[in-house]
Amino acid sequence: SSGINAEWPLRPGGPNSKMQIRLWKGPKGLGFSVGGGLGTTQPPHIKRIYSGSPAHKCGRLIPGDVITSVNGVDLSALSHVEVVNVIRYMPMGEVVLNVARHQATR
């Protein structure tokens with residue numbers, strides 16, 4: 001199922017865009033920190049992107065992007081710790097992120 005859990009609407013007032021982003025995970029990981037998850041007030045999202053990392057170099061991710069799935073694993077029903085662990089323990093190599101972004105001006 002694509003889309004975001006109804007309990008977690010994206011910021012109101014504009015259209016949402018969905019993207020599929022492929023990153024190459026090396027020994028230092030993907031290069032972003034994660035916020036949110038079930039039991040918090042926000043869906044799983046990119047909190048911070050580290051300079052020089054795969055997430056930074058791809059140029060398509062920004063803090064606040066909602067991560068709906070990673071390599072086909074739906075994150076909508078996972079707690080913050082579970083989301084972090086899913087991403088952390090993905091094997092090295094290509095990782096496919098499905099993300100959603102609210103298009104309103106920040």
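Student: Which residue in β3 does F32 stand opposite?

Tutor: F32 stands opposite I49. Before we go on, this is a predicted model, where local features need pLDDT of at least 70 and side-chain atom pairs count only at pLDDT 80 or more, while totals for chains, interfaces and linings use all residues. Residues are numbered from 1 along each chain as its sequence is written, and side-chain values use heavy atoms, leaving out hydrogens and water.

Student: What makes β2 and β3 a pair?

Tutor: Strands here are DSSP runs of E, at least two residues long, and two of them pair if DSSP finds at least two bridges between them. β2 (residues 32-35) and β3 (residues 45-49) have 4 bridges, in the antiparallel sense, so they pass that test.

Student: Why is S33 called buried?

Tutor: Buried means under 20% relative accessible area (1.4 Å probe, protein chains only), exposed is over 50%, and partly exposed is in between. S33 has 18% relative accessibility, so S33 counts as buried.

Student: What makes a set of residues a nonpolar core?

Tutor: They're buried Ala, Val, Leu, Ile, Met, Phe, Trp, Tyr and Cys residues joined through side-chain atoms within 4.5 Å. The largest one here has 22 residues, and L23 and F32 are among those touching the most other members. α2 (80-88) gives the most, with 4 residues. Helices are DSSP runs of H or I, at least four residues, numbered like strands from the N terminus.
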